Amino acid sequence: MISAATGDVATATARLRALLGDRLHEPGDPGFVTTTRLWNGAVRRAPVLVAQCLNDDEVADAVRIAARCHLALSVRSGGHDWAGRALRDGGLVLDLTGLRDVRVDPDAATVTIGGGATAAELLAAARAYDLVVPTGVVGDVGMAGLTLAGGYGPLCGRFGLSLDNLLGAEVVLAGGRRVTADPRHDAELYWALRGGGGNLGIVTELRFRAHRLPAVLAGMIMFTLAEAPAVLRGYGALIAEAPDELTVMAGFLPGPAGEPVVFVCPFYSGPDLDVGLPWLERLRALGTPLVDQIAPMPYADALRMFDGGMVDGNHYLLRTRWLPALTDGAVDVLVDAARQVSSPFSALALHHFHGAATRVRLADTAFGLRRDHLLTEIIAVWAPGDQSGPHREWAERTSTALAPHALPGGYPNLLAPEETDRVRLAYGTNWARLHRAKRHYDPRDLLTAVPTLPSSVHPR
C-alpha cells in the first residue's frame, strides 16, 4: 500500500497544475471546499489535492501522476458513500462530477453515461423515450458507485440490480491504461466490475441496457408504530408471493412529529398497471393507513418521494444485514429498534431482492448473493453538534440483535471500512476469483478507498 506520508505532493501539484490549470484545487482554494463536500457531515478527511477531470484522458494522466508521486488516490462522483471513501487523508481526489454526459439510443434501448452522472440525470434523459434503467431510490446518488457494488432498487424484481443491466464500461486502470470492459473486451474485468466495487479501476463511462416503462404504480402507505408488528408480518407474507413486477420497500421513517411510523412503499412495474391494484389493496389492509398515496406516475417522479428524506450535512452512520426472510424474531428486533430510536431523524429500511435479480447465476457476476432476501439498512442520523455516542450505540445494538436472523456477509456498499471479515463473506464463492482480479488489475494497491477487497486480506 502506498503511504500518503511518503507522497511527493509538490511534484504532483506542479504536474497536475500543468494538466488541469484552475481545475486543480488545494486546501484554501474556494473550489477545494466544494469538491470535498460530502453528503455525510460526520466525515472528516483531509486530502491534499482535488483534480477536477473532464474526460478520460485527464483521468488517465492524473492516475499516472498519483502513481509516480506515491499519492493515495480516491474518486468522488456522487459523494453519497456514507463512510466518506471518496476522500483519503493526504491523498489526491479525482473529482468526476464533470463527466456527466448522458446519451440515449432509443433504437438500441441503451443509455450511456459519464462516470459522474447521477441516477436523476440518467432518468431525466431517458424519460423522453419512456425508457428507464434500474436505479436506487435516491436520485442524487452517482450511478457508477451504485452500479459497481450492486444497485438495489424498486425495479429489482422485474429488471434485476443496476449491475445486471451494465452492458460495458470504459475504465482507467491503476497504471493509467484505458480499457473497455464488456463481454467481448476484457471479460474478466467486466465480471469483476459488476459487484466488485471501485477497487478494480476508475470507471469513466458506463453503458446500460434500458427498458420501456412509461409509468409505475407507486407511492407510500404509512401506519402507526403500534401497528408495526402486524404490518411487518403481513408485509413479509406478501412479498413471499409477490410477482416480479412488484417490488416493495418497508421500514420505519420519522413521522410528522418526529415519532417513527412504519411504511410500505410499493412499485408495480407491469405493462398493465391495473393488475397491480389487488396487491396494493392487500398492503392497505395490513392496518389502518395514516398516509395512503398511491398513483400511476413516471418512474423518475416516483423516486422523488424520497427527496429530502436524508438531509445533506447531517451526520450519518449505517449498518446493514441481509435477512433471508422477515421472521417473527426479526420483526421483533426491528420494532424494538424503532421504539428505542435515539434520534427523530433516524430510519430503518428493508429493500426487497427477488425475481429477475435471483435468476442471474451466482458465477456470472462478482455480486455474491442471488437468493431471495431483504437488505436491511440501519440508518443512524443526528444533527451537527449532537453527541454521536447514543446514535452509534443504537445502530450497533440493532445490527447485533439482527445478526442471529441474518445471512453471512452484507451489502459491500453499506459495510463499514473495518468490517473486512463480512466483506469476504459477502462475496461467498466469488471471493477468491475477485481477489485474483484485484491483484491482476491493481497489483500495487493504488485503489484502496472502497474496502470491498482489502489489500491486507488474502483468500482463505
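Predicted model: local features only at pLDDT ≥ 70, side-chain atom pairs only at ≥ 80, totals over all residues.
Me: What makes β12 and β15 a pair of strands?
Reply: Two strands pair if at least two bridges are found between them. Strand β12 (residues 216-223) and β15 are joined over 7 bridges in the antiparallel sense, so they meet the criterion of at least two. Within this pairing, Val 216 stands opposite Met 297 in β15.

Me: Why are β15 and β16 said to stand at the edges of the sheet?
Reply: The open sheet has 7 strands, in the order β15-β12-β14-β13-β17-β18-β16, with antiparallel pairing. β15 (291-297) and β16 (315-323) each have a single partner strand, so one side of each is left without a neighbour in the sheet. On average, neighbouring strands of this sheet are turned by 15° against each other, direction ignored.

Me: Which strands does helix α9 touch where it packs on the sheet?
Reply: Contact requires heavy atoms within 4.5 Å. Helix α9 (residues 277-284) touches β12, β13, β14 and β15, and its direction makes about 10° with that of β12.

Me: Why is the lining of the largest cavity described as having no charged residues?
Reply: Asp, Glu, Lys and Arg count as charged. The lining comprises 10 nonpolar and 3 polar residues, with none in the charged class. Closest to the centre of this cavity, among its 13 lining residues, are Phe 252, Pro 260, Val 341, Ser 346 and Ala 347. β13 gives the most to the lining, with 3 residues.

Me: How do you know that the largest cavity belongs in the count of cavities of 30 Å³ or more?
Reply: The largest cavity holds about 70 Å³ of space. The count at 30 Å³ or more comes to 1 cavity.

Key: Residues numbered from 1 in each chain as written. Heavy atoms only, no water. Helix = DSSP H or I, 4+ residues; strand = E, 2+ residues; numbered from the N terminus. Axes fitted to C-alpha atoms, helices over the stretch in contact; angles between N-to-C directions. 1 Å grid on protein atoms, 1.4 Å probe; cavity = no way out; pocket = protein on both sides within 12 Å on 5 of 7 lines; lining within 4 Å. Points joined across faces, edges and corners; volume = space filled by probe spheres on them.
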